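This report walks through selected features of one protein model, moving from a single helix to the contact between domains, then to backbone geometry and charged pairs. Please keep the sequence and the structure open beside the text.

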Amino acid sequence: MLPSQALLPAVVFALTALQALASDTFLAAVYEHAVILPDPTDQPVSPSDALALMNKNMDVLEGAVKEAARQGAHIIVTPEDGIYGWRFTRESLYPYLEDIPDPVVNWIPCTDPSRFGPAPVQERLSCMARNNSIYVVANIGDKKPCDSSDPSCPGDGRYQYNTDVVFDTQGKLVARYHKYNLFEGESRQFNYPKEPEAVTFETPFGKFGIFTCFDILFYEPAVVLVSKMQVDTVLFPTAWMNVLPFLTAVQFHSAWAMGMRVNVLAANTHNTSMEMTGSGIYAPAGARAYSYNMKTEDGHLLIAKLDAHPRLSPATPPAVSWNSYALSVERFSQNDHEFTGIIFEDPFTFTELTKPGGNLTVCQKDLCCHLTYNMAEKRDDEVYVLGAFDGLHVVEGQYYLQICSLLKCPSTNLSTCGQPVETAQTKFEMFSLSGTFGTSYVFPEVLYSGVQLAPGEFKVLPDGRLISQNPTSKPLLSATLFGRWYEKD
């Protein structure tokens, strides 16, 4: 034991060394993977056949890991379902699962692979991280035995979890997260943990949290990690099926990063037949790199620099009072073109933009949405509407939404407004959108023709207005303030 006189200098030296290792920025990578899927079957395959399929996917992922490391990336995120896919029953999934221990065991599978039983997938992921000196984030399956002493134990005597794992640059398991909010159908394969897990870990380049896909729409664990655990960066493996006009991967994940004022590393699976594409590296001020590709079946690697502590970065926008402006102004004049339309089975109240510029208000329940706009040209073949929704969404999960949106309709037939549309011709000289939100969790989205983001071309003012910085460089699909009122779920 060090004598007390020597203890203080030793502590000071250690802290100085840690500060020297810390970085204000880091290089992040995400890989959108075109997953090699198993043949559909209700019967379990042999463990060797299961591992053979997973190795095929890990061969691809390892190539991405090596390239990311070669370019200097500190961490790489790979997608949900990226190692074995999703064509399973509960029984046929079982051969693909491994026992994943709690990271407190201080385990490096690459150097001690059999410590907790067979773990070839964890061993290989660990070695990818160790051999390339990079943090590796992957999504695999965990299995945990249970018995009749546990009243919640499934009939087959085991829990099966959709699980994210993180290995550090030495290959040590530093994080394990069991998905809590299972998407429609997943409950036939997986269990969810009895309590939501708030998983974080420290690195020399910030504090990280992790959750999976559908979790992002709920308070636990997503908001808890950012608001209470104060993470700097969220790791987000996902298998996201795009749903226009609001829930396309790149627009919503970018908006969530801006609304929560945190970095998000979103890695999506790539499968165009299921509308799965859209990955990105997002900062509070907008996307640093992103990809949306429905034309090919190729995977894609993204690398970009991020601030390690975005809350301290001068580039991070100030905090927003989302209803400040909208509550301070009188309702703009309404017109005679108000009607009801459906978006993702939610009944919106719409009003048509009948003039090339002006001020509009549309209300539903307690939410009033205000728009000031000026089109570069009012086209006869395109219709735009201002829409409001204030209510409980009940499709593929239940959650309370407040949404204000300026969006293009697929045709001049008003009955089509709210249906998906990917192209537009109309540019705007300016727009300003705000709403009387009851929630402080609002996510700003701007989407251009071709399902493209608009980084640097809009901003949110501290009083809650989403405004264009300049005339839009491309035709506008939508400008949206997507609010989640968690307390009303």
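## Helix H6 and the residue after it

Just after H6, arginine 261 takes a positive phi of about 60°. The model is a predicted one, in which local features need pLDDT of at least 70 and side-chain atom pairs count only at pLDDT 80 or more, while totals for chains, interfaces and linings use all residues. Residues are numbered from 1 along each chain as its sequence is written, and side-chain values use heavy atoms, with hydrogens and water left out.

Helices (H or I, at least four residues) and strands (E, at least two) are DSSP runs, numbered from the N terminus. Helix H6 covers residues 249-260, which makes 12 residues, and spans 16 Å from its first C-alpha to its last; this is close to the 16 Å expected at 1.5 Å a residue, where the expected span is 1.5 Å times one less than the number of residues. H6 is mostly covered, since 12 of its 12 residues are buried, with buried meaning under 20% relative accessible area, exposed over 50%, and partly exposed in between (1.4 Å probe, protein chains only). Among these buried residues are Phe252, His253, Trp256 and Met260.

## The contact between the two domains

The domain assignment of the protein chain gives domain 1 (25-307) and domain 2 (323-488), bounds of this kind coming from an automatic or database domain assignment. The centres of the two domains, taken over C-alpha atoms, are separated by 33 Å. Their contact, defined by heavy atoms within 4.5 Å, takes 27 residues from domain 1 and 30 residues from domain 2.

About 2,500 Å² is buried between domain 1 and domain 2, and carbon and sulfur atoms give 72% of that area; buried area here is the accessible area (1.4 Å probe) that two parts lose on being put together, summed over both. Leu244, Phe246 and Tyr290 supply 26% of the area that domain 1 buries against domain 2, more than any other three residues.

Between the domains the count is four residue pairs in polar contact, both residues at pLDDT 80 or more. A polar contact is a pair of N or O atoms within 3.5 Å; within protein, one must be able to donate a hydrogen and the other to accept it, and residues adjacent in sequence count only if both atoms are side-chain atoms. On the side of domain 1 that touches domain 2, helix H5 (219-228), H6 and strand E11 (286-291) each supply at least two residues, and the largest share, nine residues, comes from H6.

## Backbone geometry

Most residues other than glycine have a negative phi, and most peptide bonds are trans. Against that background, the peptide bond from glutamate 220 to proline 221 is cis, with omega near 5°, and proline 221 lies in helix H5. A cis peptide bond also joins leucine 244 and proline 245, with omega about 10°; proline 245 is placed in the loop between strand E8 (233-238) and H6.

Cysteine 213, in the loop between strand E7 (206-210) and H5, has a positive phi near 45°, and counts as buried at 8% relative accessibility. Valine 451 has a positive phi near 55° and is found in the loop between strand E20 (442-448) and strand E21 (452-453), where its 0% relative accessibility makes it count as buried.

## Salt bridges

A salt bridge is a side-chain nitrogen of Lys or Arg within 4 Å of a carboxyl oxygen of Asp or Glu, and by this rule the count comes to 15 salt bridges. Between domain 1 and domain 2, however, the count is zero salt bridges.

Arginine 70 forms a salt bridge with glutamate 67, their closest N and O atoms being 2.7 Å apart; both lie in helix H2 (residues 47-70), three residues apart, about one turn of the helix. Arginine 70 counts as exposed because its relative accessibility is 61%, whereas glutamate 67 is partly exposed at 27%. Aspartate 150 and lysine 194 form another salt bridge, at 3.2 Å between the closest N and O atoms. This pair links distant parts of the chain, 44 residues apart, with aspartate 150 in the loop between strand E3 (135-145) and strand E4 (158-167), and lysine 194 in the loop between strand E5 (173-178) and strand E6 (200-203). Aspartate 150 counts as buried at 16% relative accessibility, while lysine 194, at 55%, counts as exposed.
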